[in-house]
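Here is a short tour of one model. Take a moment with the sequence and the 3D view before reading on.

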Amino acid sequence: MKLATLKDHGRDGALALVSRDLSHAVRAGSVAPTLQAALDDWAAIEPDLRRLAADLESGAAEGVVPFDPVECCAPLPRAYQWADGSAYVNHVELVRKARGAELPESFWEDPLMYQGGSDSFLGPADDVPLAGEEWGIDFEAEIAVVTDDVPMGVSVADAARHIKLVMLVNDVSLRGLIPGELAKGFGFFQSKPSSAFSPVAVTPDALGEAWDGAKLHLPLRSSLNGKEFGRPEAGVDMTFDFPTLIAHAAKTRPLAAGTIVGSGTVSNRDADGGPGKPVADGGLGYSCIAEIRMIETIADGAPKTPFLRFGDRVRIEMLDRDGATIFGAIDQTIVKYEGSA
């Protein structure tokens, strides 16, 4: 089952069911007005959503329209909680090296996680408005899961059953602001503007064998200005799987239905155990610019790939084994913010 949120109904949008091939959609307001409303009572509402999804696939649904990702908000336009982990420790190691910080051994045993802003997510085709290129604008291609209500202290084994949806993320980062913020010892805030999510959120069963209950085993593809940037395998080098991340987040507090838990930037080591190679050099590439800049620094003494500039276009997508898009694409342009306080 694939779910989307259409933009034409207030801040929280209107819930829609989307066909498996992402060609058509039908509004689900007769079942639940929004995705958050569905998640709030998922056990009772899911069967009706599945019936509507089946009608959409069979041609029996009424009011079917062509599906257009441009008309979509994020599946959850705003959420009660956005907790982003850093499950791929290879990524953590590279970006820490880039700012001259060592990687503590504990990072291999205890997940990193920060609580991001969840009040203003971007839609999959929305521009990314930022005031200055000098902030070091970067994209981060990630996977995220959405939970129902998770009790405090949930075990890793029990956490898996609370995963109700899976989606893709562009976790925008401002690399020039991160070192100063982290030096204060209080974590990210200004350096993490609004994130964007894929056009649809997908129930785990719709992912087939690619989903093992804890990880998604497919390449996560990203491109910059139409040129392939990365295609690392999401199920490889994921030190902490999603149930582990959920249990970590719920150690001292319950998680409300609609909580989004991110994987952090998908990142693979090279076959020889090295930090990974660019696509142009036969590698799987990277899911953010910071990683390739670190590789360039190691190889040449200084980075040469610039961070994002106004007008740059980022695309993030995942294809199934037959080459069909699963979540639709996050396809965004970086633009100068022209607003005022």
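## A side chain that reaches a backbone

In this predicted model, the side chain of Thr34 comes to 3.1 Å from the backbone nitrogen of Ala37. Thr34 itself belongs to a loop. That loop runs between β3 (24-27) and α1 (35-40).

Is Thr34 buried or exposed? Thr34 counts as buried, because its relative accessibility is 15% and the cut-off for buried is under 20%.

Which residues does Thr34 touch, leaving aside neighbours within four places in sequence? Thr34 is in contact with Asp12, Gly13 and Leu15.

## An open sheet

Now to a sheet elsewhere in the numbering. Its 5 strands follow the order β7-β18-β17-β14-β15. The sheet is open, and its pairing is mixed. Strands of a sheet pair through backbone hydrogen bonds, either parallel or antiparallel.

Which strands stand at the edges? They are β7 (128-130) and β15 (227-230). Each has a single partner strand, so one side of each is left without a neighbour in the sheet. On average, neighbouring strands of this sheet are turned by 25° against each other, direction ignored.

## The pairing of β14 and β15

Strand β14 covers residues 221-224. β14 and β15 run antiparallel and are joined by 3 bridges. In one of these pairings, Ser222 has Gly230 in β15 as its bridge partner.

Notes: Residues are numbered from 1 along each chain as its sequence is written. This is a predicted model: local features need pLDDT of at least 70, side-chain atom pairs count only at pLDDT 80 or more; totals for chains, interfaces and linings use all residues. Side-chain values use heavy atoms; hydrogens and water are left out. Helices (H or I, at least four residues) and strands (E, at least two) are DSSP runs, numbered from the N terminus. Buried means under 20% relative accessible area, exposed over 50%, partly exposed in between (1.4 Å probe, protein chains only). Contact means heavy atoms within 4.5 Å. A polar contact is a pair of N or O atoms within 3.5 Å; within protein, one must be able to donate a hydrogen and the other to accept it, and residues adjacent in sequence count only if both atoms are side-chain atoms. Two strands pair if DSSP finds at least two bridges between them. Axes are lines fitted to C-alpha atoms, for helices over the stretch in contact, and angles run from 0 to 180 degrees between N-to-C directions.
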